[in-house]
Amino acid sequence: MKKTTAHFMVLIGCLFLLSGCRFIRIEDEPRKPLEYSIVKSEDIPQELKTLIQEKKEKEFQLTYQSEKDLFLIKGYGLQMCGGYSISVEELGVTSQAVFFKTQLIGPSDRKAELSPPSYPYIVIRTEYRKEPVIFE
């Protein structure tokens with residue numbers, strides 16, 4: 001009797017768990033480009049500047065909301081020289097998520113020889129979105 005009850009409970013538990021699960025493939029949906037602007041250092045909110053300073057030693061990704069704006073930040077951590085730039089490869093949205101893809105571009109050989117270590121990062125501003133952000 002105890003084995004039958006235990007088997008029944010396991011079966012009920014499995015059915016309960018499987019009934020609420022489904023897979024969503026967010027990569028299959030076409031992405032709509034979002035408008036954005038790159039934020040200059042002097043225009044970054046102070047609270048956000050503090051967060052960037054705390055995290056700049058290592059690679060990081062942040063989102064920050066301020067009133068109607070959404071800030072997306074991608075930092076590349078300590079680099080042994082300066083002269084790096086960052087390009088925004090994509091900022092797009094689907095019904096499931098916002099996608100943010102950047103690329104770190106290395107310095108020219110001359111800039112690399114003459115500059116101290118740096119902490120490259122980029123801050124962009126876009127309209128606030130409720131979807132989660134996926135950094136690629």
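Let us begin with a pair of strands. Strand 4, residues 69-76, and strand 7, residues 121-127, run antiparallel to each other and are joined by 7 bridges. Within this pairing, K74 has I122 of strand 7 as its bridge partner. Please keep in mind that what you see is a predicted model.

This pair belongs to an open sheet of 4 strands, whose order is 2-7-4-3 and whose pairing is antiparallel. At the edges are strand 2, residues 37-38, and strand 3, residues 59-66, each of which pairs on one side only. As a general point, side chains in a regular strand alternate between the two faces of the sheet.

A helix accompanies this sheet. Helix 2, residues 46-55, lies across strand 3, strand 4 and strand 7. Relative to strand 3, helix 2 runs at about 170°.

I turn now to the other strand pairings. Strand 5, residues 85-93, and strand 6, residues 98-105, are antiparallel and share 8 bridges.

Let us step back to the whole chain. The protein chain holds 3 helices and 8 strands, and from the N terminus the order of elements is α-β-β-α-β-β-β-β-α-β-β. Of its 136 residues, 30% are buried. Its accessible surface is about 9900 Å², and carbon and sulfur atoms account for 55% of that surface. If we consider contacts between residues at least 6 apart in sequence, 69% of them join residues at least 24 apart.

Finally, I would like to consider one residue. E131 is located in the loop between strand 7 and strand 8, the latter being residues 133-135. Is E131 buried or exposed? Its relative accessibility is 14%; because the cut-off for a buried residue is under 20%, E131 counts as buried. What surrounds this residue? Beyond its neighbours within four places in sequence, E131 is in contact with V93, T94, S95, Q96, A97 and V98.

Thank you for your attention.

Methods. Residues numbered from 1 in each chain as written. Predicted model: local features only at pLDDT ≥ 70, side-chain atom pairs only at ≥ 80, totals over all residues. Heavy atoms only, no water. Pairing = 2+ DSSP bridges. Helix = DSSP H or I, 4+ residues; strand = E, 2+ residues; numbered from the N terminus. Contact = heavy atoms within 4.5 Å. Axes fitted to C-alpha atoms, helices over the stretch in contact; angles between N-to-C directions. Buried < 20%, exposed > 50% of the residue type's maximum accessible area, 1.4 Å probe, protein only. Areas by Shrake-Rupley, 256 points an atom, 1.4 Å probe, with all protein chains shown as cover.
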